[in-house]
Amino acid sequence: MKRSHWSIPYVVFMAIFVVLPLLLVMVYAFQDGTGHFTLANITRFFTDSDALGTFAVSLEVAIENTLICILIGYPAAWILANKDLNRSAVTIILFIMPMWINALMRTLATAEIFNMLGIPLGKGTLLFGMVYDYLPFMIYPIYNVLAKLDRSYLEAAQDLGATPWKVFWKVTVPLSMPGVTSGVLMVFMPTVSTFAISEFLTNNKIKLFGTIIQENINSSMWNYGAALAFIMLIIIGITTVFSDDNENAEEALI
Amino acid sequence: MAATEEHIIDLKHVSKRFGDKVVLDDISLYIRKGEFVTLLGPSGCGKTTTLRLISGFLAPDEGEILLDGQDISGIPPYKRPFNTVFQRYALFPHLDVYENIAFGLKLQKVPEDEIEKRVKRVLKLVSMSDYEDRDVESLSGGQQQRVAIARALVNQPKILLLDEPLAALDLKMRKDMQIELKEMHKKLGITFIYVTHDQEEALTLSDTIVVMNEGKIQQIGTPIDIYNEPVNCFVADFIGESNILKGRMMHDRRVAFIKHEFDCVDEGFGEDVPVDVVVRPEDIYFTTDPARCQFKATVNSCIFKGVHYEMWVDTDTGYELMIQDYDPYPVGSEVMLYIDPDDIQVMHKERTRNVFEGEMVDETHVEMLGGVFECLPQEGIAAGDKVRVETKFEHVDLLDHQEDGVIAGEVHFLLYKGDHYHLTILTDDGDHIWVDTNDIWDKGDLVGINFAPKDLKISKRDEA
């Protein structure tokens, strides 16, 4: 058997579970209830002020979540990667450990804690839950890049007259951008489509794009649901294209 | 500008430790303004540490570093008027050639048009004009090296520090760059401090060479001094090829080695004193005139080395010598040889025997070097007495297996002395033992160490 044949099971798997569902989403998105081709589902989204509003909220929450994750995650990754400040692997494990526990369970637990403390559920609690869930995905790629950063670049910058502050902004930050890019991809894309977090942490007071897709599909509005999913995929696709440093971003994950 | 007498850098009694390991042990040296100084030594000798102390990336544990007479210990690297060319260049991959070179000038807020002028000038100096917009990762090693030199020079540092800058280049490129560096030094007139483990590079480039080993300075001098008059076996062995031999100074200007007596030019050693003798392989001459012949030998091997032939000969007295000559002599032929008095370099022996400090455990056992050794019954020395133990170099037993010895160690340094090897053993406890042996060992071999009881000469140490 030729070596290339070994990939057949994977190709079959991908065809059934990745390509076929995507095709189905497309087919449903461009059909009406009777199976005829139509653009109505797409145009309906652009005239549906409810859906458009939810979409805007989703984007806003995703952007806010991503920014907060960068603001908290970058310094955390920097400290973890700095051997003078962090001498043990324990801190790294502590940061990664939440990833071992199912996100849904963590979210439920977080909601419980807010209830216990009497904190009203709303946008604040939603962002808290999102940051809590997605922060490790931001820290890990940035940490990876920083830990591998050749210290001689930092010394060269100092040697050329850069203060530690300038070294950080002119060398460390630009050289760690691949890590930030891949962190952004890993945080932004899933937050656009999430619905469980908003369900538990806002009691569905704030609806996200993922929520309305779920609602449509739950109420058997297959075609409109598929159209919304399709639109979301396109948007996520666009963000991937915007992060032009894709190759480096992939390296950051290794 | 030639080197002046004015000191630009002074290192005074500088020591540096990394944990328990002493990397620099009381180093003192000065560097004159405009000089090309090379710190030369094998890896781990402390040369890079010395450079990093000067550049400010490390701080000395003891001693002080002066720039123009002012202590600079508290000044961070980014405020020191030095620039470094790093071993692996360390060019910023996110910036192009122009931006890399302009990096330092932009930090100093030099006006943009001035920056452009200076970058262009320095690119011309390193023959890299027209490469401004290139991505640094698209350059060859030699080109990256030039950019790294340009990036350092554009800031007009008082001193250019170079940390093995040519180590990553191939031989031909290295030779070309050596010449260019030397010319740049002449043209710019600034002080160069250069670190290398390549003795040939040091000889080619430097005004002054500082030979270092095990955290200590072995010798400071011009390339010619260092080559012709090494002060000890380490320097003689490290710089160039040499025959290092045990000798005995008969009296002024007369030295005996390889069981022959020779005239030499050294004086002041005293009479009948053991010494080490260095003769460079190119300084042993062949002759057909019996009147000039000082000793005879048989050619043992003869290898063509390009410019010269390298021959090993066995002398009539049983020593092996290396000779380099333009003419080959057939293997097996008997030859007559002589050495000019000028070409014999006599050196003080650093030591003539091993001396250890120890303590008696009981009548027939002594504790030293982190082990307990058997000795002959000692009269007048009680258990618990502090003692001095002496043993000759040839009386150290080296064993193939570490566990067979009372203590264990590793072959740290070895010298061939014509008819035997002189080894430096570093024990697991960090002590040195010197050994003369006919057995062949390699550097880094792990050995067990033992002494025969009769070979240990024990005397009571005065409690001082």
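This is a predicted model: local features need pLDDT of at least 70, side-chain atom pairs count only at pLDDT 80 or more; totals for chains, interfaces and linings use all residues.
Two strands count as paired here if DSSP finds at least two bridges between them.

## The neighbours of β3(B)

Let's start with strand β3 of chain B, residues 36-40. One partner is strand β8 of chain B, residues 191-196, which runs parallel to β3(B) and is joined to it over 5 bridges. Within that pairing, V37(B) has I193(B) as its bridge partner in β8(B).

Strand β9 of chain B, residues 208-213, also pairs with β3(B) in the parallel sense, this time over 4 bridges.

## How enclosed is β3(B)?

With 5 of its 5 residues buried, β3(B) is largely enclosed by the rest of the structure. In a regular strand, side chains alternate between the two faces of the sheet. On β3(B), one side carries F36(B), T38(B) and L40(B), while V37(B) and L39(B) sit on the other; all are buried, and both faces are covered.

## Where chain A meets chain B

Now for the contact between the chains: chain A brings 14 residues to it and chain B brings 16 residues. On the chain A side, α7 (151-159) and α8 (164-193) each supply at least two residues.

Methods:
Residues are numbered from 1 along each chain as its sequence is written. Chains are lettered from A and ligands numbered from 1 in the order in which they are written. Two residues are in contact if their C-beta atoms, placed from the backbone, lie within 7 Å. A residue is buried if 20 or more other C-beta atoms lie within 10 Å of its own, exposed if 12 or fewer, and partly exposed in between; C-beta atoms are placed from the backbone.
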